[in-house]
Amino acid sequence: MEKKELIERHETELGVIRIADEVVAIIAGLAATEIPGVAGMSGGLAGGIAEMLGRKNLSRGVKVEVGEKETAIDMFVIVEFGVRIPDVAHQIQENVKRAIESMTGLNVVEVNINIQGVVFPTPEPKEEEHRVK
């Protein structure tokens, strides 16, 4: 049984252009982190806690399925406390779709957003009060 190649192919008169799934995933991850309210991408649930990934792992937390002309994306996101989650998710969907279609020429048929966690703001340390002034 032949293993399916995970690279998008475009044939032109000059040759073949190949776009790896990883490239589509990185574009999607970067487009998602541009949206205000997105704290980061999630690498999944480890021990019941969403693992937040930094900018070095933009393709983690993103699953892509690439066909000859279309792609579908599943994203696992951590948002900041206080944002309206449906609005942020919709902005992610639109930004990811726009970025992938403009950069790769693929038609994006789905961008599924999975909210994996919420990051709470860290309280700023209080200045130590002295008893004697």
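A: The secondary structure of the chain comes to 2 helices and 7 strands. Here helices (H or I, at least four residues) and strands (E, at least two) are DSSP runs, numbered from the N terminus. Their order from the N terminus is β-β-α-β-β-β-β-α-β.

This is a predicted model, in which local features need pLDDT of at least 70, side-chain atom pairs count only at pLDDT 80 or more, and totals for chains, interfaces and linings use all residues. Residues are numbered from 1 along each chain as its sequence is written, and side-chain values use heavy atoms, with hydrogens and water left out.

The chain has 133 residues, and 33% of them count as buried. Buried means under 20% relative accessible area, exposed over 50%, partly exposed in between (1.4 Å probe, protein chains only). Among contacts (heavy atoms within 4.5 Å) with a separation of 6 or more, 63% join residues 24 or more positions apart.

Now helix α1. It covers residues 21-33, 13 residues in total.

T33 belongs to helix α1. Its relative accessible area is 17%, so T33 counts as buried. The T33 side chain also reaches the backbone oxygen of L30, at 3.0 Å.

How values were computed: Expected span 1.5 Å × (residues − 1). Polar contact = N/O pair within 3.5 Å; in protein donor to acceptor, adjacent residues only side chain to side chain.
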